[in-house]
Amino acid sequence: MATIFSRIIDGELPCAKVYEDDLVFAFMDAGQVNPGHVLVVTKKPYETLMDADEESAAAMMRAACRIAKAVQAAFNPDGMTILQSNKAAGWQTVPHLHLHVVPRYHGDGADLIWPRKEPGMEKLLEYAAKIGMT
């Protein structure tokens, strides 16, 4: 099933394109948090980061880095949020891998708030061992 992002990439729906290469497509988010808010989307319709191949994931971040620098130069924001969400519980609203490049300003009203938990080093070491990548 084609997502709205697939339809944009295929030219079925209009967009304000910012960047394109073999693996990613970037365009202005229709729901701008602040002027210069860009979406960077994989061309392959992966649903989440965990579904993607590493080449596409890396290409998405490379593009985001370049775009963030260009947004910084164009809009001179106070800061920048790079946000990537997976599945509904992770705040993903479109089931197509993407990330947001959002210029930020003090007092812009955009918040990212979560309850901070501090389980202590013993529990952190347990969590790290469970992930098992070292």
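**Packing and polar contacts in the predicted model**

N86 is buried, its relative accessible area being 17%. The model described here is predicted. N86 belongs to the loop that runs between strand 4 and strand 5. Its side chain makes two polar approaches: the side chain of N86 comes to 2.8 Å from the backbone nitrogen of L49, and a polar contact, also of 2.8 Å, links it to the side chain of Q84. When neighbours within four places in sequence are left aside, the contacts of N86 are T48, L49, M50, Q92 and L97.

The largest nonpolar core contains 17 residues, of which V24, V38, V40, M60, I67, L99 and V101 touch the most other members. Two or more residues of this core come from each of strand 2 (24-28), strand 3 (38-42), helix 2 (54-75) and strand 5 (98-104). The largest contribution, seven residues, is that of helix 2. For V24, contacts beyond four places in sequence are made with Y19, V40, V41, T42, K43, S56, A59, M60 and A63. Another core, of eight residues, lies apart from the largest one and includes F25, F27, V41 and V94.

In helix 2, the buried residues are S56, A59, M60, A63, A64, I67, A68 and V71. These buried residues pack against strand 1 (17-20), strand 2, strand 3, strand 4 (79-83) and strand 5. With 22 residues at 1.5 Å a residue, helix 2 should span 32 Å, and the 31 Å between its end C-alpha atoms agrees with this. At the start of helix 2, the backbone nitrogen of E55 has a side-chain oxygen of D53 within 3.1 Å. Just after the helix, N76 adopts a positive phi of about 50°.

D53 also takes part in a salt bridge with K44, at 3.7 Å from N to O. Both partners are partly exposed, D53 with a relative accessible area of 25% and K44 with one of 45%. The model has seven salt bridges in total. In helix 3 (residues 121-131), E126 and K123 are three residues apart, about one turn of the helix, and their salt bridge has its closest N and O atoms 3.3 Å apart. E126 is partly exposed at 45% relative accessibility, as is K123 with a relative accessible area of 31%. Within it, the side chains of K17 and E20 meet at 2.8 Å, N to O. E20 is partly exposed, its relative accessible area being 37%.

Technical notes: Residues numbered from 1 in each chain as written. Predicted model: local features only at pLDDT ≥ 70, side-chain atom pairs only at ≥ 80, totals over all residues. Heavy atoms only, no water. Core = buried A, V, L, I, M, F, W, Y, C linked by side-chain atoms within 4.5 Å. Buried < 20%, exposed > 50% of the residue type's maximum accessible area, 1.4 Å probe, protein only. Helix = DSSP H or I, 4+ residues; strand = E, 2+ residues; numbered from the N terminus. Contact = heavy atoms within 4.5 Å. Expected span 1.5 Å × (residues − 1). Polar contact = N/O pair within 3.5 Å; in protein donor to acceptor, adjacent residues only side chain to side chain. Salt bridge = Lys/Arg side-chain N within 4 Å of Asp/Glu carboxyl O.
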